[in-house]
Amino acid sequence: MNRIDSRLKFLVIALSIFFGGVFLRILYLQTNASAIALKESIGESFEYMTLEINSERGNIYDRQGYLLAGNSVSYTVSLKLQTSNTHGEFIANYLAPILNMDHEVIKKSAEIKFDEKKAVEMPLTNFATKEQIEKIEQVKKFLDQRELSSFESKTKTLENLDSVVYYPNIHRYYPNKDLASNVIGFFPFLNPSAGASYGIEQFYDEILSGHSIEHRFSLDPNVPDTIPDMPKGASVVLTIDRKVQSIVEDSIKEAVVNNKAKSGTIIISNPKTGEIMAMATYPRIDPNEYWKSSEVFTKDNRFNPAVMQPYEVGSVFKVITLAAGIDSGAIKPETVFNDTGTYDIMGVSIYNWDRGAWGPQTMIGCMQHSLNTCLSWIAEQIGVDRFYKYLDAFGLNQPTGIQLAHEEYYPISKPGDNYWTPISLPTNSFGQGIMTTPIQMITAVNALANGGKMMKPYIVKGIYFDDHAEITQPEMIGQPISAETAKTVTEMLATSLEVEASDSLMEYTRIAGKTGTGEIAKEGVGYVLSVTNASFVGWGPADDPQFVAYVWLQEPLVNIWGSEVSAPLFSEVMTEVQPYLHLPTDRQLACIYTENCPSKDSDEYHYW
Amino acid sequence: MKTSQSAYRLAPWRKQIQNILNVLIALIFIASITMIYLYCSAQMTKMKLEIQVLHDERSSLTRMIADNLTQEGQITSFFEMEKRARQAGYIPIDMYDEEVYTYLPVAGFQDESFSSLNGVSQINSIPVSIVKPEYTESLQRWLKENVSIKKSGDQ
């Protein structure tokens, strides 16, 4: 008995020592730093999977809520090479007609030799439609239901489409094709990591993309976990109306083609708010085929010239000089300038566009005949420092801050700068030797049409986040001239167009405006008269302007003059667009608010 | 020296039954714990699978909604609408002929801006897991965190 007791005691002691050792070892493993690190690294590898979860990209709408950019589902169809190797011909026979792909391409893809390390799967297309996937499923089902004879099943490897797999993916889609593509930009869905390019897509890339998180997903079935619900990226609503945009785009395309111009741009804005109603350029691309952008656009012909391409605007710039002259008190509308045909400065003569001498001219005459000599003289009367201060005040020496990517501006050379000479002042006064973008010009001219108040241009009406919306509020960014000056200049330019019987005049709506034909300096040659930028800026109705439109044709070959190509284009576009902007003509207003509805042929409401 | 000794001892068969019962109680206890553990594990695994299935369904629905929205955009795109309008016999208004259209101010008329956006679906959620942390952490970790918080709170 004692012997058994002693054996039991020995067993208890031995077990105690064993369990004590195990306990101490556990304690060591629980507290030792390297053991903990090892455990964690093993745990990271085998217990968790890290998933990158991205939000769906936000949509872009026009001002009426029509979709301009959305997301569509497509399917990537792939072949599992391990099982496709043996029957490439069979797979190609079925897939080629469904996917509209070349039979040989599919066959070769299917027969690529399987290699566990190098070649496991071969994608055929990234853009299969839902209908195509349904057809593949039908064929798969049909093949599965085949009844093979016992002989066939024993002697022949079963040919089927089990190696064909597909994965859904979301890609960017632009339902209106090239409509407003210069404004929207594009998202390269074939290479999303490259990020969006140009326009709204790039400017608001971060907001449209929404959230992107990395989530550690536990592989342990005892740890419940969910994949977080990701809110969609914010949706952006533009100020442009697709109908208006379409009319303007059709017109600019026709003008560019007919005049064999390099490019064309038209912007329409609301001077009271700075809202951009339309911004059309040509050429454009369909952003669904964004890879063509490198073929279409060059350094001299940018994706959206309206904001990306500063150029010498020519005589259109005279409206700024005239406004500065009137506002500074240097000139008055009735001031007379005697045009001798040249304006000499530092031994250099400045000529008019026609090299003619027009004799004594009031300021309206100067604008009507677009006299370079007269504007040079006005700039001299204003004075160098004051002239450039006015240009700064009009915002021409800085980007406008419109919500579009890659906005460019060309810094103005001023006295003291390397490239400035005394000849710069007169040449700048009529828009040569100074470069501005159409968006800078229309912003400056908005001040003339809005009682001297300059509004910040904006093309985004609102941004809809998942939990709130941000609506863009009109913002005044300065008052370069007084309300009185704005009114005087508008009246002068309206009269000047009427006296000139300009092609820009609209039937039944009185407008103010100015044409411009800017010469282009070619490298190594200097200014070439036959290569021009033909522009026009106009606003109306003259007594209470509701719109400003800017037209620019780059290097038109058929007709180089702004007064003959850009001015009539302004009239044509605004006549068509005006009803869609909910703006009555002057005659319609008179019919509504006065007892006498003027006759359609009345001179008072007929400006042609 | 006087020693005392029990007058009775448990009968061996009783002692054996007692031992057997003790072992059985221990086994039943272990089996119960194991059963509860396995049951909970099975429930959690089932739940996790359900979560994954639901997540797949949600992803599929999200894709479908996006696709349907874009298809609607495609059907109502400017070019499609224009084509259909022409097919239906409508012709563009000649804006140069002022007699074919008129300007009529209507009291109370509001611009249609944004009206189509009312239906734009917005997910009102934040990108975090909806499972409470209490369900995903160990007892040891819970004690560690809460005890340390209480301690620091006491100070």
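In helix α21 of chain A, the buried residues are G562(A), S563(A), V565(A), S566(A), A567(A), L569(A), F570(A), S571(A), E572(A), V573(A), M574(A) and V577(A). A residue is called buried if 20 or more other C-beta atoms, placed from the backbone, lie within 10 Å of its own. With 12 of its 16 residues buried, α21(A) is mostly covered. Among the elements of chain A that cover these residues are α11 (242-258), β8 (263-269), β18 (512-522), β19 (526-540) and β20 (547-554).

This is a predicted model, in which local features need pLDDT of at least 70, side-chain atom pairs count only at pLDDT 80 or more, and totals for chains, interfaces and linings use all residues. Residues are numbered from 1 along each chain as its sequence is written, while chains are lettered from A and ligands numbered from 1 in the order in which they are written.

Helices (H or I, at least four residues) and strands (E, at least two) are DSSP runs, numbered from the N terminus. Chain A has 22 helices and 20 strands. Its radius of gyration, taken over C-alpha atoms, is 36 Å, well over the 25 Å that the globule rule gives for 608 residues, so chain A is more spread out than a compact globule. That rule is 2.2 Å times the number of residues to the power 0.38. The C-alpha trace of chain A spans about 140 × 70 × 60 Å along its principal axes.

The domain assignment, which is automatic or from a database, gives chain A domain 1 (66-173) and domain 2 (242-605). Their centres, taken over C-alpha atoms, are 57 Å apart.

Key. Contact = placed C-beta atoms within 7 Å.
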